[in-house]
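Try each task before reading its solution.

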Amino acid sequence: MSATCRIVVLISGNGSNLQAILDSCDDNLQAEVVGVISNKPDAYGLTRAHYSEVDTSCVIVHKDESRAEYDARLIDAVEKYQPDLIVLAGFMRILTDDFVNRYLGKMINIHPSLLPKYPGLNTHQRAIDAQDSEHGASVHFVIPELDAGPVILQAKVPVYQDDDATILAARVHEQEHAIYPLVVKWFSLGRLALQNNQAFLDGQLIGINGYAPD
């Protein structure tokens, strides 16, 4: 890894987690967001990047384009920045195995559930429908299987009886903005690694539900 960890963030929308990471990099001299890539030209996250004077790219899906063809163009856009770490922050595309394997151990994602619960979409409503007492978010390494990479860190929130999906999502987002920059910092400091499909922090195996301090 270079002296300063070069980060590329992939987005599709508002970019609130991108903003949290941008803000944290101001205090973390070992990390810098060098590029933000979106598949949506109207994603507000691109505006956030412009305000922070971060270079941006937009890789729009072409009509009748295969996932493999799109991901090949996405790789070209990513490689322009020579990243040490790729951060998925609301990037609403399923990446091909070829893309994921190219960046295995160098790509992380945040998912709005306490994985392995509720991979995929509509996690907040699913937690409410299941009458769960707690919900949350998980930062994990990305592997070819969707939302199945080893969990690095989780944050839990309570689920109240009168919650709807919007209220619960806001509670989860607040925790996302705390834990995602922390994991980025761990990686940038060389403390975090993926080995044999398991996550390690400071050389110690992280438990199945993510890092839990003693």
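**Exercise 1. Find what share of the contacts in the chain with a separation of 6 or more comes from residues 24 or more positions apart, then describe the chain as a whole.**

Step 1. Count contacts, meaning heavy atoms within 4.5 Å. Residues 24 or more positions apart account for 64% of the contacts with a separation of 6 or more.

Step 2. Keep the ground rules in mind: this is a predicted model, in which local features need pLDDT of at least 70 and side-chain atom pairs count only at pLDDT 80 or more, while totals for chains, interfaces and linings use all residues. Residues are numbered from 1 along each chain as its sequence is written, and side-chain values use heavy atoms, with hydrogens and water left out.

Step 3. Check the overall dimensions. The radius of gyration is taken over C-alpha atoms, and the globule rule is 2.2 Å times the number of residues to the power 0.38. For 214 residues a compact globule would come near 17 Å, and the chain, at 17 Å, agrees. Its C-alpha trace spans about 45 × 40 × 35 Å along the principal axes.

Step 4. The accessible surface is about 10,700 Å², and 48% of it belongs to carbon and sulfur atoms. Of the 214 residues, 50% count as buried; buried means under 20% relative accessible area, exposed over 50%, and partly exposed in between (1.4 Å probe, protein chains only).

**Exercise 2. Work out which strands pair, and in which direction they run.**

Step 1. List the elements. There are six helices and 10 strands; these are DSSP runs numbered from the N terminus, with helices (H or I) of at least four residues and strands (E) of at least two.

Step 2. Apply the pairing rule: DSSP must find at least two bridges between two strands. Seven bridges join strand E1 (residues 5-11) to E2, and the two run parallel. Valine 9 stands opposite valine 36 in E2. Strand E2 (residues 31-38) is mostly covered, with seven of its eight residues buried.

Step 3. Turn to the open sheet of three strands, which has the order E8-E9-E10 and antiparallel pairing. Strands E8 (192-195) and E10 (204-205) stand at the edges with a single partner strand each, so one side of each has no neighbour in the sheet. Four bridges join E8 to E9 (residues 198-201), and leucine 194 stands opposite alanine 199.

**Exercise 3. Find the aromatic pairs and say how many there are.**

Step 1. Phenylalanine 99 and tyrosine 103 are tilted, at 5.1 Å centre to centre and 55° between the planes; both residues are buried.

Step 2. Tryptophan 186 and tyrosine 211 are edge-to-face, at 5.4 Å and 80°. Tryptophan 186 lies in helix H6 (residues 165-188) and tyrosine 211 in the segment after E10, so this pair ties together parts that are 25 residues apart in sequence. Tryptophan 186 is buried at 6% relative accessibility, whereas tyrosine 211 is partly exposed at 35%.

Terms used: Phe/Tyr/Trp six-rings, centres within 6.5 Å; stacked < 30°, edge-to-face > 60°. Areas by Shrake-Rupley, 256 points an atom, 1.4 Å probe, with all protein chains shown as cover.
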